[in-house]
Amino acid sequence: MEYLVTGKKDSAPKHFVHYPAEIRTLADKLSKMSPADRMHVAALINSYEE
């Protein structure tokens, strides 16, 4: 739509973040897990922060 109005390509929203492919792949795998499995993965990741 922006192109039709301004002649410029749509720009990504300011809040849009370009994650590396590795992160997108992990997010895709997480989305396919059960909520319980996601909780276990989250706990493991959180243990690295501490």
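**Exercise 1. Place the residues Lys32 and Asp28 in the predicted model and describe how they pair.**

Solution. 
1. Helix H2 holds both Lys32 and Asp28; they are 4 residues apart, about one turn of the helix.
2. The closest N and O atoms of Lys32 and Asp28 are 3.2 Å apart. The cut-off for a salt bridge is 4 Å between a side-chain nitrogen of Lys or Arg and a carboxyl oxygen of Asp or Glu, so the pair qualifies.
3. Side chains of opposite charge can pair when their charged atoms come close.
4. Lys32 has 65% relative accessibility and therefore counts as exposed. Asp28, with a relative accessible area of 37%, is partly exposed.
5. By the rule used here, the count comes to 1 salt bridge.

**Exercise 2. Identify the nonpolar surface patch that contains Leu26, and classify Leu26 by accessibility.**

Solution. 
1. The patch is formed by Val17, Tyr19, Ile23 and Leu26.
2. Together these residues have about 370 Å² of accessible area.
3. Leu26 belongs to helix H2, which covers residues 21-32.
4. The relative accessible area of Leu26 is 43%, so this residue is partly exposed.

**Exercise 3. Locate Met33 and list its contacts beyond four places in sequence.**

Solution. 
1. Met33 sits in the loop between H2 and H3.
2. With neighbours within four places in sequence left aside, Met33 is in contact with Arg38 and Val41.
3. Met33 has a relative accessible area of 29%, and is therefore partly exposed. The class runs between 20% and 50%, which is why Met33 is not counted as buried.

**Exercise 4. Summarise the chain as a whole: its secondary structure, its surface and its confidence.**

Solution. 
1. The chain has 3 helices and 0 strands. Along the sequence the pattern reads α-α-α.
2. Of the 50 residues in the chain, 0% are buried.
3. The average pLDDT of the chain is 83, with 72% of the residues scoring at least 70.
4. Among the elements, helix H3 (residues 35-49) has the highest mean pLDDT, 94, while helix H1 (residues 2-6) has the lowest, 67.
5. Where pLDDT is low, the predicted coordinates should not be read in detail.

Notes:
Residues numbered from 1 in each chain as written. Predicted model: local features only at pLDDT ≥ 70, side-chain atom pairs only at ≥ 80, totals over all residues. Heavy atoms only, no water. Patch = residues over 30% accessible without salt bridge, like charges linked within 9 Å, V, L, I, M, F, W, Y side chains within 5 Å. Areas by Shrake-Rupley, 256 points an atom, 1.4 Å probe, with all protein chains shown as cover. Helix = DSSP H or I, 4+ residues; strand = E, 2+ residues; numbered from the N terminus. Buried < 20%, exposed > 50% of the residue type's maximum accessible area, 1.4 Å probe, protein only. pLDDT = per-residue confidence, 0-100. Contact = heavy atoms within 4.5 Å.
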